[in-house]
Amino acid sequence: MLIQEEMSLQEKLGILADAAKYDVSCSSSGSQRRGKAGMLGNTVSPGICHSFAADGRCISLLKILFTNQCIYDCRYCINRRSNDVVRTSFTPDEVCHLTMEFYRRNYIEGLFLSSGVLKSPDYTMDLLYQTLWKLRNEYRFNGYIHMKVIPGADPVLVEQIGLLADRVSINMELPTAEGLKKLAPGKTRERILSPMKQISGKIRQREIVPYRGQRTFVPAGQSTQMIVGATPESDYQMITIAEALYQRFDLKRVYYSAFVRVNEDSLLPVIPGGPPLLREHRLYQADWLMRFYGFQAGELLNEKRPNFNAFLDPKCDWALNHLEQFPVEVNRADYQTLLRVPGIGVKSAKRIVAARRGAALDYGDLKKIGVVLKRAVYFITCKGKMMYPTRIDQDLLPAAG
Ligand code: SF4
């Protein structure tokens, strides 16, 4: 391990912002637009990402690791102990200084701080706590802070962090205990789930008995990340786990991160075609359906059909496998039924329910409301009639786009 003692703050920032880029548990980045003459800004340099505050605003965050040193050897991680990369750490004051300077220059509205594990989870978590405490109390920083919780850290530290940060996340990384054992032997499900449970308990408690005279405990809630494709879990397993996390621990978001093979390691898969981005995309679509459309994981996939269709989004795929439930009459179907029609989203379903109170809707009205008719027409009737006398067919939808 090459630990650089003498390094400028700028050099540390280059290393520790770059090392943070594989963590997607704040919504973010990933685009590669370079700066252009005569234009301001680029998206190539790591360091700034975007997330959503508790009130739904999109905000830009300084995204860094406190350190890229680590006592663990997770096979998939660029910062693992056995990799021969240059290592460095910030001090709490350095992180505070950078955050304040970036904030004053209007580059960022907040901080996303993660870390490798120095010496022990408690030692690292304590450094992160000191950083947060200084930022809030000495530097008087009142902006958004998303902080990573280190699995295995003392619950007292987790609680203290939760009273200073807006959002916290504990990464699942690998969805099953077997996956963790194989690729992240220093971590266990128990060590990951136990702080999640603690945080969700505190969030529920804060909703019943508001903290008086104290900051609200993680007002923007908690999130996690799962790596897609590093281990052989199916999409069904991934969404079933995500569903359980939403239900049991009130997670705000589960992020899915297509596996990127940054290390040569015989235990890591070689995926033809590179990172499974389409799979990641399908998981996000399914996650959206579970959070906003009332779908359950077991409706979208099952053990006999464990993976999403590469050619159809999960909602179309579900509809084509449940043709007995279609067509639905848009002037009568309830809100939840409308949400299941391909081409009708949350906004358009609400608008349909509101607009049809005045008069029965026709296809022209649906178009104005924002329904994607090229998809929806195969699944609906308006005033009892289909738009085209078309038989729904499994091959039709992909062509409809
Ligand atoms: S704990 Fe594992 S994933 Fe996290 S920095 Fe260390 S090696 Fe990487």
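How much space lies in the largest cavity? About 660 Å³ of space lies there, in a model that is predicted. The legends below describe this cavity and several other close-up views.

**Figure 1. Overview of the protein.** The predicted model has a secondary structure of 15 helices and 11 strands. The protein contains 401 residues, and buried residues make up 51% of them. Among contacts between residues at least 6 apart in sequence, 66% join residues at least 24 apart. The protein exposes about 19500 Å², and carbon and sulfur atoms supply 52% of this area.

**Figure 2. The largest cavity and its lining.** Rolling a probe the size of a water molecule over the atoms shows where empty space is left. In the whole structure, a search finds 1 cavity of 30 Å³ or more. Its lining consists of 33 residues, and those that lie nearest the centre are Y76, C77, N171, E173 and K187. By class, the lining has 19 nonpolar, 8 polar and 6 charged residues. Strands β8 (222-228) and β9 (253-258) each supply at least two residues of this lining.

**Figure 3. The surroundings of R80.** R80 is found in the loop between β3 (58-65) and β4 (86-87). The relative accessible area of R80 is 9%, which is under 20%, so R80 counts as buried. Leaving aside residues up to four places away in sequence, R80 touches Y72, D73, C74, R75, R87, N263, E264 and D265. One of these residues, N263, is 183 residues from R80 in sequence, yet the two are 9.5 Å apart in space, C-alpha to C-alpha.

**Figure 4. The aromatic pair of Y256 and Y284.** The structure holds 7 aromatic pairs. In the pair of Y256 and Y284, the ring centres are 5.2 Å apart and the planes stand at 90°, so the pair is edge-to-face. The pair links distant parts of the chain, with Y256 in strand β9 and Y284 in helix α8 (residues 277-292), 28 residues apart. Is Y256 buried or exposed? Y256 is buried, because its relative accessible area is 1%. Y284, in contrast, counts as partly exposed at 24% relative accessibility.

**Figure 5. The aromatic pair of F326 and F379.** The rings of F326 and F379 have their centres 5.0 Å apart, and their planes lie at 70°, which is over 60 degrees, so this pair is edge-to-face. Distant parts of the chain are linked here: F326 belongs to the loop between α10 (314-320) and β10 (328-329), F379 to the loop between α14 (373-376) and β11 (380-381), and the two are 53 residues apart. F326 counts as buried at 11% relative accessibility, and F379 is buried with a relative accessible area of 0%. Which residues form one aromatic cluster with F326 and F379? The cluster is formed by F295, W318, F326 and F379.

**Figure 6. The surroundings of C96.** C96 is found in helix α2 (residues 92-104). With a relative accessible area of 0%, C96 is buried. Not counting residues up to four places away in sequence, C96 touches T131, K134, L135 and Y139. The C-alpha atoms of C96 and L132 are separated by 8.1 Å, although these residues are 36 residues apart along the chain.

Key. Residues are numbered from 1 along each chain as its sequence is written. This is a predicted model: local features need pLDDT of at least 70, side-chain atom pairs count only at pLDDT 80 or more; totals for chains, interfaces and linings use all residues. Side-chain values use heavy atoms; hydrogens and water are left out. On a 1 Å grid over the protein atoms alone, a cavity is a set of points where a 1.4 Å probe fits but cannot get out, and a pocket is an open set with protein on both sides within 12 Å along at least five of seven lines; lining residues have an atom within 4 Å of a point. Grid points are joined across faces, edges and corners, and a volume is the space filled by probe spheres set on the points. Helices (H or I, at least four residues) and strands (E, at least two) are DSSP runs, numbered from the N terminus. Ala, Val, Leu, Ile, Met, Phe, Trp, Tyr, Cys and Pro count as nonpolar, Asp, Glu, Lys and Arg as charged, and the others, Gly among them, as polar. Buried means under 20% relative accessible area, exposed over 50%, partly exposed in between (1.4 Å probe, protein chains only). Contact means heavy atoms within 4.5 Å. Accessible areas come from the Shrake-Rupley method with a 1.4 Å probe; for residues, only the protein chains shown count as cover. Rings of Phe, Tyr and Trp (its six-membered ring) pair if their centres lie within 6.5 Å; planes under 30 degrees apart count as stacked, over 60 as edge-to-face and the rest as tilted.
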